[in-house]
Amino acid sequence: MTNKFEILLIGLNHKTAPVEIRECIGFTGDESQQALLDLHALEAIHEVLLVSTCNRVEVLATTPDKDAAARQIVSFLSEMNNIPAADFEGNLYQHAGDEAVRHMFRVAASLDSMVVGEPQILGQIKEAYRAAATKRTSGVILNRLLHKTFLVAKRIRTETGIGDHAVSISYAAVELARKIFGDLEGRKVLLIGAGEMAELAVEHLIRNRADAVLVANRTFERGVELARRFNGRAIRFEEITDGLETVDIVISSTGASDYVIRRDQARGVMRRRRNRPLFFIDIAVPRDIDPEINRLNNIYVYDIDDLKGVIEENIEDRQRAATKGERLVDEAVIRFRQWYESLDVVPTIVGLRRKFEQVIRAEVGRTCPGGSAQGVAEDALDKMVNALVNKILHDPTTILKCEEGHGNKAQLLAATRKLFKLDDNDTC
Amino acid sequence: MDIGILGTLGLYSLSTVAYVVFLFMQKKGMHRYGVWLLVAGFVIHSLSIGYWTFMSGHIPVNTLRDTLSFAAWAVAGVFLLFHHRYRLKIMGIFAAPLATVIMAVVATMPVTTMAAKPMLKSIWLVAHVTFIFVGEAGLALACGLGVLYLTQEKAIKSKKPGFFFRRLPSLGQLDTAGYGCILGGFLMMTLGLIMGVVYAKAIWGRFWSWDPKEVWSGITWLLYAAMIHMRLSVGWQGRRSAIMAILGFATVLFTFLGVNLFLSGHHGEFTR
């Protein structure tokens with residue numbers, strides 16, 4: 001006997017589909033709530049979950065008929081997004097059973113992400129699951145599957161350390177700052193110049209609870225504007241030396257052709273700072289900070305190439321961690337399959353019990369009218385026992401005696417002896 | 001005492017193994033084993049020292065063997081306190097092996113008994129020795145933190161974060177904890193020296209007798225006092241503080257062992 005429902009996954013991601021297709025197929029927050037309900041309403045679909053991010057769309061479902069379900073999901077995606085199915089069918093992947101489970105585990109553990117090990121995807125799947133749970137589009141199988149998915153993802157994160165180290169320049173800068181200062185709470189940041197990467201780094205630092213941002217820009221107005229964005233204060237370019245006395249982290253990204261901060265300047269600043277550590281992050285090319293400054297005590301200078309070197313090493317580490325993660329996924333898939341197969345057993349047992357109960361209740365009702373056993377003659381009880389045995393064993397006996405057993409009669413006999421423990425030495 | 005020593009040595013060694021495994025594998029459970037094995041070792045060690053103090057009627061510090069054992073006890077105890085205060089997991093990688101090595105040396109030394117002298121029974125002496133040793137254990141930890149600081153600093157300055165960069169705490173934490181150890185150690189050492197001076201007055205009739213150990217203790221004390229002063233006045237922190245912690249402890253070691261081995265004086269008889 002097989003399960004009534006199969007697990008089916010249809011989706012596309014950054015590897016199989018270009019961004020033009022992904023932006024057509026994707027759902028925004030409200031859309032995806034409605035889409036989830038619409039999917040659930042499809043005839044061939046029993047339980048369903050919809051994950052939609054900028055890098056992937058995944059429809060995870062259980063279905064009694066996976067071919068019909070696949071067809072319905074594809075045409076739903078096509079109608080919903082007003083795009084002919086032929087345009088994106090080639091970008092879709094489709095997994096069933098174990099493969100669908102494995103895919104789900106890998107996606108949640110960020111083994112399938114563009115940046116392997118990035119942490120956002122797990123949150124997005126949790127969000128999708130929360131929607132499915134509140135809208136009651138998920139049931140026994142998907143609840144269990146998602147529950148396991150979160151456990152696997154968490155286990156991979158803690159055991160392989162896949163997300164431990166930064167793989168982007170601005171995160172690497174934050175990680176270094178933490179290794180220098182420990183806690184970033186209350187650390188002051190000075191931004192010299194402007195630029196996407198530098199501003200991103202400032203944002204990361206603020207998110208890590210650094211405070212009081214100073215902004216120095218050659219155009220004071222631009223500095224004021226930036227400072228407002230970070231809730232900070234603008235200073236004039238000539239005030240940088242004074243600013244260095246109070247800040248802890250300096251991010252520099254100007255278009256200057258020569259060094260903005262020189263060694264002697266830094267040395268004087270350190271004396272006035274009473275040697276409190278100072279960390280320069282130099283994102284500019286050509287460089288803003290004299291690299292010689294790195295040789296002074298308690299000052300650390302990282303330029304863009306240094307940061308790249310750091311993340312390259314981290315990327316290699318993540319790849320090693322990912323290999324380990326795949327092994328954990330394999331284990332989890334096997335365990336899930338065992339649970340999934342055990343699902344077959346439950347309805348069988350329930351059915352058996354129901355059948356026996358019906359037979360016994362009917363016989364007892366006949367022997368003791370009114371439900372009372374008082375005044376029932378002994379031979380009436382004997383009769384009832386005989387009738388019970390006959391009725392309960394009627395179907396098994398007929399099947400065992402049946403001549404058209406397709407060559408599996410021996411199996412059937414063995415199973416029967418085992419099920420009812422007719423041979424003493426049998427164990428489970 | 002031998003069973004106590006061997007039991008202690010065994011537990012300290014296991015704790016060291018746990019810490020080494022923790023350093024490489026980064027499994028939190030290993031770190032917990034490390035701590036609890038060290039706690040167990042420390043308890044047995046304390047019982048053993050307590051037993052011998054009770055049996056002989058004086059604190060066991062009259063042979064080099066006993067003194068070293070006492071030093072290892074102080075290192076383990078101060079580390080456990082420190083661990084409680086600063087939560088720098090990795091620090092055990094320094095303290096546990098240090099206690100283990102000292103105990104290994106102790107275990108190989110022959111047991112020599114000496115007639116208990118009445119001078120050993122003074123409460124002043126017990127206090128003097130205990131404070132000094134606890135203080136020196138704190139300074140030993142500061143030295144270990146200094147080494148870790150320099151290792152981490154090298155990883156950051158050379159821009160090749162690797163094995164240690166990931167495993168060691170931040171420079172800020174190492175520096176703060178190191179300074180804490182120096183302050184605590186210095187305070188204990190100061191108290192211990194005061195006890196010693198008072199005790200000297202009581203039995204020899206003078207506070208200070210230019211004995212080599214006294215002179216070197218004075219030098220050590222001045223060195224640490226200067227270190228703390230420079231940190232407070234002109235900000236000797238970070239790298240310089242780490243180097244000073246290591247140099248300072250080298251002086252401590254010389255005062256503790258070198259003076260007894262190379263110079264003579266009235267402390268000599270305790271460690272021969």
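**Terms and the values behind them**

Reply: Start with two helices of chain B. The axes of helix H7 (residues 171-204) and helix H8 (residues 212-234) of chain B come within 11 Å and cross at roughly 140 degrees. Keep in mind that this is a predicted model.

Me: Which residues make the contact between H7(B) and H8(B)?

Reply: On H7(B), they include Tyr179(B), Phe186(B) and Leu193(B). On H8(B), Trp221(B), Tyr224(B) and Arg231(B) are among them.

Me: Which element gives the largest share of the side of chain B that touches chain A?

Reply: Take the whole contact first. 16 residues of chain B are in contact with 18 residues of chain A. Helix H5 (123-157), H7 and helix H9 (239-262) of chain B each give two or more residues to that side of chain B. The largest share, three residues, comes from H7(B).

Me: What makes Ser69(B) count as buried?

Reply: The cut-off is 20 or more other C-beta atoms within 10 Å. Ser69(B) has 28 such neighbours, so it counts as buried. Ser69(B) lies in helix H3 (residues 64-86) of chain B. Leaving out residues up to four places away in sequence, Ser69(B) touches Ile5(B), Met103(B) and Val106(B).

Me: Asn82(A) and Asn298(A) both have a positive phi. How do you know whether each is buried or exposed?

Reply: Count neighbours again. Asn82(A) has 7 C-beta neighbours inside 10 Å. Exposed means 12 or fewer, so Asn82(A) counts as exposed. Asn82(A) sits in the loop between helix H3 (66-81) and helix H4 (85-88) of chain A, with a phi of about 55 degrees. Asn298(A) has 21 neighbours inside 10 Å, and therefore counts as buried. Asn298(A) is in the loop between E9 and E10 of chain A, and its phi is near 65 degrees.

Me: What else lies in the loop between E9 and E10 of chain A?

Reply: Pro286(A) does. A cis peptide bond joins Val285(A) to Pro286(A), with omega about -5 degrees.

Me: Why are E7 and E10 of chain A said to stand at the edges?

Reply: Look at the order of the strands. Six strands of chain A form an open sheet, E7-E6-E5-E8-E9-E10, with parallel pairing. Strand E7 (233-236) and strand E10 (299-303) each have a single partner strand, so one side of each is left without a neighbour in the sheet. On average, neighbouring strands are turned by 20 degrees against each other, direction ignored.

Me: How do you know that E8(A) and E9(A) pair?

Reply: Pairing needs at least two bridges. Strand E8 (residues 249-253) and strand E9 (residues 278-282) of chain A are joined by four, and run parallel. One pair to find is Ser252(A), which stands opposite Asp282(A).

Note on methods:
Residues are numbered from 1 along each chain as its sequence is written. Chains are lettered from A and ligands numbered from 1 in the order in which they are written. This is a predicted model: local features need pLDDT of at least 70, side-chain atom pairs count only at pLDDT 80 or more; totals for chains, interfaces and linings use all residues. Axes are lines fitted to C-alpha atoms, for helices over the stretch in contact, and angles run from 0 to 180 degrees between N-to-C directions. Two residues are in contact if their C-beta atoms, placed from the backbone, lie within 7 Å.
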